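Q: Could you take me through one part of this model closely, and then show how that part sits within the rest of the chain?

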Amino acid sequence: MNIKEKVIREIEKTPDFLLAEVLDFLQFIKSKHLQDTIEISILSESSLSEDWLTPEEDEVWKDL
């Protein structure tokens, strides 16, 4: 049984009054993961721009 099946099985055994909290937590951790991914991308962009934003790079990519 994989993790998704285990989670579904637990959800099926969970009383309705707790499911709102479970849903809220799941949405929270998904948005936190997305936010972390966005922040990493933004931080990477500034460090990589030193190599990418050069006349040499522009010349190499100009015909694409």
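A: Let's begin with isoleucine 3, which is found in helix α1; helices are DSSP runs of H or I with at least four residues, strands are runs of E with at least two, and both are numbered from the N terminus. This is a predicted model, in which local features need pLDDT of at least 70 and side-chain atom pairs count only at pLDDT 80 or more, while totals for chains, interfaces and linings use all residues. Residues are numbered from 1 along each chain as its sequence is written, and side-chain values use heavy atoms, with hydrogens and water left out.

Isoleucine 3 counts as exposed because its relative accessibility is 65% (buried is under 20% relative accessible area, exposed over 50%, partly exposed in between, with a 1.4 Å probe and protein chains only). Together with Val7, Ile11 and Val22, Ile3 makes a nonpolar surface patch of about 340 Å². Patches are made of residues with over 30% relative accessible area and no salt bridge, joining like charges within 9 Å and nonpolar side chains (Val, Leu, Ile, Met, Phe, Trp, Tyr) within 5 Å. The areas come from the Shrake-Rupley method with a 1.4 Å probe, and for residues only the protein chains shown count as cover. Helix α1, residues 3-13, gives the most to this patch, with 3 residues.

The helix also carries a charged pair. Glutamate 10 forms a salt bridge with lysine 13, with the closest N and O atoms 3.3 Å apart; the term means a side-chain nitrogen of Lys or Arg within 4 Å of a carboxyl oxygen of Asp or Glu. Both residues lie in helix α1, 3 residues apart, about one turn of the helix. Glutamate 10 is partly exposed at 45% relative accessible area, whereas lysine 13 is exposed at 58%.

Now for the rest of the chain. A search of the whole structure finds 2 salt bridges; in another part of the sequence, glutamate 59 pairs with lysine 62, the closest N and O atoms being 2.9 Å apart. Glutamate 59 counts as partly exposed, at 47% relative accessibility. The chain has 3 helices and 0 strands, in the order α-α-α. Of its 64 residues, 2% count as buried.

As for confidence, pLDDT is the predictor's confidence in each residue, from 0 to 100. Among the elements of the chain, α1 has the highest mean pLDDT (96) and helix α3, residues 55-61, the lowest (79).
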